[in-house]
Amino acid sequence: MPSADDNLLEYTPLVRKLALQMLARLPASVQLDDLMQAGMIGLLDAMRRYQENPEAQFETYATARIRGAMLDELRAQDWLPRSVRSKSRKIESAIHKQEQALMRPPSESEVAAELGVSLAEYRDMLKDAHGVQILHYEDFSRDGEDGWHDVSASGETSPLDALLASDLRQVLIDAIDALPEREKLLMSLCYEQGLNLKEIGAVLGVTEARVCQLRSQAIARIRTHLRDHAWQDLPPESLLAWVA
């Protein structure tokens, strides 16, 4: 096991990388320095808690702790306004109703019609919803109680391990497969290949603002699919890995 100073030096770039990845999906009000500071606290905590074993590499464990610390910071800041959450849920409800009626993913025009707004107004709603994640913190609640559970702090298992061991992984795969091809490609570029908005826009041939709109719509479709498949009955530790 490397010394504490060695780990700090070696893994500080990892903290910055994770902070930048998270920042790309958050509102402009969230500052990189705040995420970096929280991430460094998570790294120090990982160094204190980590015990080597053949099934867990330090970087894997540290990544979970760093992300968890950043999420705690975001939660403490209440970074997503209620108005944004409200718009997001209205979009999800409209998508759900249209999917049930059409038996296919609805187009933007069809969702806008369900909402009773113009296409331009709907796209403005999608732009405002930038920063909404696949899961909200409120999604962890059970009967009005806070269901937040940081499994990585328990030392029992990591969020990723819990995710892979649950049915949520397959539900998420199905949800992404059900996306229209363009949105499926966008999600792959964003979450698998780690491209930023400008790079994704270049691949899709659209502006960064349009990328934000399409991403918000894709996440709304995924959230609708998850609700339809009763993901809320799965343990919250399985969901934690997908907030970031």
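In the predicted model, D124 is partly exposed at 37% relative accessibility (buried is under 20% relative accessible area, exposed over 50%, partly exposed in between; 1.4 Å probe, protein chains only). D124 forms a salt bridge with K127, with the closest N and O atoms 3.9 Å apart (a side-chain nitrogen of Lys or Arg within 4 Å of a carboxyl oxygen of Asp or Glu). K127 is likewise partly exposed, at 42%. Local features need pLDDT of at least 70 and side-chain atom pairs pLDDT 80 or more, whereas totals for chains, interfaces and linings use all residues. Residues are numbered from 1 along each chain, and side-chain values use heavy atoms, without hydrogens and water.

E108 is buried at 13% relative accessible area, while R123 is partly exposed at 28%.

The whole structure holds 11 salt bridges. One of them pairs R65 with D45, the closest N and O atoms being 2.1 Å apart. R65 belongs to helix α3 (residues 58-77) and D45 to helix α2, so parts 20 residues apart in sequence are tied together. Both R65 and D45 are buried. A network of salt bridges links D45, R48, R49 and R65.

Notes
Helix = DSSP H or I, 4+ residues; strand = E, 2+ residues; numbered from the N terminus.
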